[in-house]
Amino acid sequence: MEFFCYHRDRPGSLPLREELTEAHWAYMDRYEAELIARGPTFTTDGETLAGSVHIVDLPDPAAARAFAFEEPNYQAGAYRDVLLRRWRNLLGRTMWDFPGGRTGDDRYLVLGLGSGEAADLAVPPGTDDLIAYGPLLSDDATAWLGTAALVRAVDPDRARAVLTQERYAAVEVYAWEFGGRR
């Protein structure tokens, strides 16, 4: 089962996150084979950390909750909250398989938070800039709750355009980088 996990930073938590960098990476190393995508997000200034994305394939919702809430930064209070949802990998690959590579061009996390009838359940046509894409679902995968995409784009507005705007209660866009050890 695939899960989308987005830890949102608590304001002022950068010193704590820097102190815990190695602990965070060591924790994530334990999930290396299960990770589909990972990396930090940033506010509109492009420098201030906003959060941390992890898309992971785990056996069940209980394992996903353990993954999200046992993470060292979460345990230490660096995050203000966690968005954890079932997710469906419509591209069928990891970020490391993205043909566009790890560097070059701007990358974004686009979160469409659902309200009502499901939208964007298929991969948009003609886009080679999708790194990861899929619906956000309830734990039992019966209810659509939105869509999450990692996308390469020239700016946040182009990234946002990967979703059908009017079909969502809210759409959030964050600058994003490939994560992991360098």
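The side chains of E172 and R8 come together in a salt bridge, with 2.9 Å from N to O. This pair links distant parts of the chain, since E172 sits in strand β8 (residues 168–176) and R8 in strand β1, 164 residues apart. Both E172 and R8 are buried. Keep in mind as you look at these pairs that this is a predicted model.

R8 has another partner to look at: a salt bridge joins R8 to D81, whose closest N and O atoms are 3.4 Å apart. R8 lies in strand β1 (residues 2–9) and D81 in strand β4 (residues 79–87), so this pair ties together parts 73 residues apart in sequence. R8 has 10% relative accessibility and therefore counts as buried, while D81, at 27%, counts as partly exposed.

Salt bridges with shared partners join R8, R80, D81 and E172 into one network. In all, the count by this rule comes to 6 salt bridges, among them the pairs tabulated here.

| Salt bridge | N to O distance |
|---|---|
| E172 and R8 | 2.9 Å |
| R8 and D81 | 3.4 Å |
| D9 and R17 | 2.7 Å |

In the pair of D9 and R17, D9 is buried, and R17 is buried too.

Now for a histidine, H24, which is found in helix α2 (residues 21–29). With a relative accessibility of 8%, H24 falls under the 20% cut-off and so counts as buried. Which residues is H24 in contact with, leaving aside neighbours within four places in sequence? They are R38, S52, H54, E71, P72, N73 and Y79.

Note on methods: Residues are numbered from 1 along each chain as its sequence is written. This is a predicted model: local features need pLDDT of at least 70, side-chain atom pairs count only at pLDDT 80 or more; totals for chains, interfaces and linings use all residues. Side-chain values use heavy atoms; hydrogens and water are left out. Helices (H or I, at least four residues) and strands (E, at least two) are DSSP runs, numbered from the N terminus. Buried means under 20% relative accessible area, exposed over 50%, partly exposed in between (1.4 Å probe, protein chains only). Contact means heavy atoms within 4.5 Å. A salt bridge is a side-chain nitrogen of Lys or Arg within 4 Å of a carboxyl oxygen of Asp or Glu.
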